[in-house]
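The following exercises are to be worked through with the sequence and the structure at hand. Each task is followed by a solution in steps.

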Amino acid sequence: MPHQPVGATKMSGEMDKPLISHHLMESDSSLAEIPSQAFKVGILGSGDFARSLATRLVGSGFSVVVGSRHPKRAAGLFPSGAQVTFQEEAVSSPDIIFVAVFREHYSSLCGLSDPLAGKILVDVSNPTEQEHFQHRKSNAEYLASLFPTCTVVKAFNVISAWTLQAGPRDGNRQVPICSDQPEAKHTVSELAHAMGFTPVDMGPLASARELEAMPLRLFPSWKVPALLALGLFVCFFLYNFVRDVLQPYVREDKNKFYKLPVSVVNTTLPCVAYVLLSLVYLPGVLAAALQLRRGTKYRRFPDWLDHWLQHRKQIGLLSFFCAALHALYSFCLPLRRSHRYDLVNLAVKQVLANKSHLWIEEEVWRMEIYLSLGVLALGTLSLLAVTSLPSIANSLSWREFSFIQSTLGFVALVLSTGHTLTYGWTRAFEESFYKFYLPPTFTLTLLVPCVVILAKGLFLLPCFSRRLAQIRRGWEREGAFQRVLPADCALTEKTSHV
Ligand code: NAP
């Protein structure tokens with residue numbers, strides 16, 4: 001029988017409203033109670049995925065028949081609306097059959113070749129990382145080679161059994177689908193749509209390898225930013241350790257190792273947050289400088305700059321994470337026993353020195369401004385973090401989004417610089433703050449942010465800002481870019497991310 005698209009009459013319902021009435025789902029058993037026009041879907045396998053899929057399909061108004069090697073044992077685990085029977089019987093009537101078994105057991109299904117002939121097989125499998133590299137052929141292509149008379153469609157492998165059962169949520173509604181047969185792909189797409197998912201056409205079955213690699217990915221876009229943050233943390237932690245713990249131990253024989261868990265971590269976190277925030281804006285500055293120098297926006301940036309520009313969101317979120325941790329640690333500082341002893345000792349010193357009133361006006365002002373700038377910077381960073389969430393970002397216009405991310409982000413950088421400067425105050429100019437000849441940590445952190453702020457200020461000058469605006473509207477300096485590229489170069493040309 002040719003693959004007939006799942007009719008709109010049967011699959012027009014929305015996800016959250018089951019297409020069949022509730023009493024049918026709850027009533028005891030058999031397909032006899034399901035209206036005869038309900039579209040029938042088969043499932044091979046009775047494991048976790050098969051159970052969740054059956055629940056979802058029944059909930060979406062489909063008639064489901066499950067094929068198992070041990071139907072009696074499996075029947076109790078399925079919703080009452082699904083029929084559980086032997087494999088051969090299960091595949092006889094539906095035109096679409098989900099293969100919910102692992103690749104290594106595909107060959108055990110070969111006995112079903114005849115009843116499966118001409119039908120659509122939906123491959124939902126995911127390989128392990130080892131299998132993915134071990135096999136040249138994707139699972140779906142392997143299934144297609146075992147069943148040449150069937151049409152194999154790769155789909156649903158990125159959806160977990162849990163998501164299937166719970167219903168699609170905002171984050172993982174998309175179901176990439178690929179097949180060599182457009183009609184079969186269309187049928188499965190309609191099925192996915194009726195189940196409340198968003199089908200995404202990924203082309204021919206050859207794309208199955210790419211689809212199967214998707215669930216194996218572990219935060220691919222976070223690797224470099226996370227390593228960068230970790231690297232900065234280790235460097236600043238060691239630097240602070242040498243200055244705040246090692247130096248007093250070596251030079252004054254004072255044991256300050258107790259500072260490691262809270263104090264040193266808390267002086268390290270703001271350094272990382274601040275430098276990371278400046279690294280969000282540095283590539284934009286470099287890109288602008290490059291465009292000014294080249295006199296065109298049509299030449300691609302070097303790969304490293306392009307990648308850097310693409311990772312700005314992750315770097316910014318990591319900066320926010322470190323800043324939030326710094327705020328939490330700072331709240332905890334007065335809770336430490338060492339802090340209480342320090343306070344008492346200071347009070348005793350005051351009494352012994354016969355000083356009754358300790359009040360240094362400059363210190364009071366410095367601290368007030370320092371704290372206020374810190375709170376403002378964290379507040380602005382929180383706004384940036386929230387608006388980078390897809391659900392919020394999608395509700396903003398491009399202008400609103402770029403105002404928050406670019407203008408407010410830069411304001412956050414300026415506020416953080418104020419916070420750092422009021423923290424450091426005159427320490428950079430006092431010899432006693434140079435431990436082992438190492439300058440105070442805050443002076444090091446100021447380097448990149450100050451470059452970014454100065455460069456941004458420079459680009460605001462009319463001579464630069466006007467030229468930049470022209471370039472970004474497509475103006476080109478005479479001979480800046482030869483439009484005719486050699487063939488291989490033209491292929492690698494990428495779009496700028498600025
Ligand atoms: P599972 O719980 O181990 O179920 C696998 C099923 O395969 C068994 O229940 C068994 O059912 C059936 N089967 C058929 N022939 C078999 C044989 N020769 N030997 C052993 N079992 C055989 O696995 P699962 O988690 O449901 O996963 C099934 C497929 O879905 C896998 O390809 C997996 O990659 C894919 N998947 C799973 C998830 C998930 O969240 N679990 C998500 C995406 C994709 P009978 O005993 O009734 O025949």
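In these exercises, contact means heavy atoms within 4.5 Å. With this cut-off, leucine 305 is in contact with Pro283, Leu286, Ala287 and Leu290, leaving aside its neighbours within four places in sequence. The structure is a predicted model.

**Exercise 1. The chain as a whole**

Task: Describe the secondary structure, the burial and the surface of the chain.

Solution. Step 1: The secondary structure consists of 23 helices and eight strands. Step 2: The chain has 498 residues, and 41% of them count as buried. Step 4: Among the contacts with a separation of 6 or more, 73% are made by residues 24 or more positions apart.

**Exercise 2. Valine 245**

Task: Is valine 245 buried or exposed, and which residues does it contact?

Solution. Step 1: Valine 245 lies in helix α12. Step 2: Its relative accessibility is 0%, and buried means under 20%, so valine 245 counts as buried. Step 3: Leaving aside neighbours within four places in sequence, valine 245 is in contact with Asn240, Lys256, Phe257, Lys259, Leu260 and Val264. Step 4: One of these, phenylalanine 257, is twelve residues from valine 245 in sequence, and their C-alpha atoms are 5.9 Å apart in space.

**Exercise 3. Two serines**

Task: Locate serine 125 and serine 179, and list the polar contacts of their side chains.

Solution. Step 1: Serine 125 is found in the loop between β5 (120-123) and α7 (129-134). Serine 125 counts as buried because its relative accessibility is 6%. Step 2: The side chain of serine 125 makes a polar contact of 2.9 Å with the side chain of tyrosine 106, and another of 2.8 Å with the side chain of aspartate 123. Step 3: Not counting residues up to four places away in sequence, serine 125 touches several residues, among them Val101, Asn139 and Glu212.

Step 1: Serine 179 is placed in strand β7 (residues 174-179). With a relative accessible area of 2%, serine 179 is buried. Step 5: The side chain of serine 179 reaches the backbone oxygen of valine 152 at 3.1 Å, and a polar atom of this side chain lies 3.1 Å from the backbone nitrogen of glutamine 181. Step 6: Leaving aside neighbours within four places in sequence, the contacts of serine 179 include Thr151, Lys185 and Gly203.

**Exercise 4. Positive phi angles**

Task: Where are phenylalanine 156 and asparagine 354, and what are their phi values?

Solution. Step 1: Most residues other than glycine have a negative phi. Step 2: Phenylalanine 156 is not a glycine, but has a positive phi of about 65°. Its place is in the loop between β6 (151-154) and α9 (161-166), and its relative accessible area is 0%, so phenylalanine 156 is buried. Step 3: Asparagine 354 also has a positive phi, near 60°. Asparagine 354 is in the loop between α16 (337-352) and α17. Exposed means over 50%, so asparagine 354, with a relative accessible area of 71%, is exposed.

**Exercise 5. The ligand**

Task: How many residues surround the ligand, and which of its atoms are close to polar atoms of the protein?

Solution. Step 1: The ligand is surrounded by 20 residues, and the closest are Ser46, Phe49, Ser68, Arg69 and Asn126. Step 2: This shell divides into seven nonpolar, eleven polar and two charged residues. Step 3: An oxygen atom of the ligand lies 3.1 Å from a polar backbone atom of glycine 47, and an oxygen atom of the ligand lies 3.1 Å from a polar backbone atom of aspartate 48. Step 4: A nitrogen atom of the ligand is 3.2 Å from an N or O atom in the side chain of serine 108. Step 5: Taken alone, the ligand exposes 880 Å², of which the protein buries 80%.

Technical notes. Residues are numbered from 1 along each chain as its sequence is written. This is a predicted model: local features need pLDDT of at least 70, side-chain atom pairs count only at pLDDT 80 or more; totals for chains, interfaces and linings use all residues. Side-chain values use heavy atoms; hydrogens and water are left out. Helices (H or I, at least four residues) and strands (E, at least two) are DSSP runs, numbered from the N terminus. Buried means under 20% relative accessible area, exposed over 50%, partly exposed in between (1.4 Å probe, protein chains only). A polar contact is a pair of N or O atoms within 3.5 Å; within protein, one must be able to donate a hydrogen and the other to accept it, and residues adjacent in sequence count only if both atoms are side-chain atoms. A residue is near a molecule or strand if one of its heavy atoms lies within 4 Å of it. Accessible areas come from the Shrake-Rupley method with a 1.4 Å probe; for residues, only the protein chains shown count as cover. Ala, Val, Leu, Ile, Met, Phe, Trp, Tyr, Cys and Pro count as nonpolar, Asp, Glu, Lys and Arg as charged, and the others, Gly among them, as polar.
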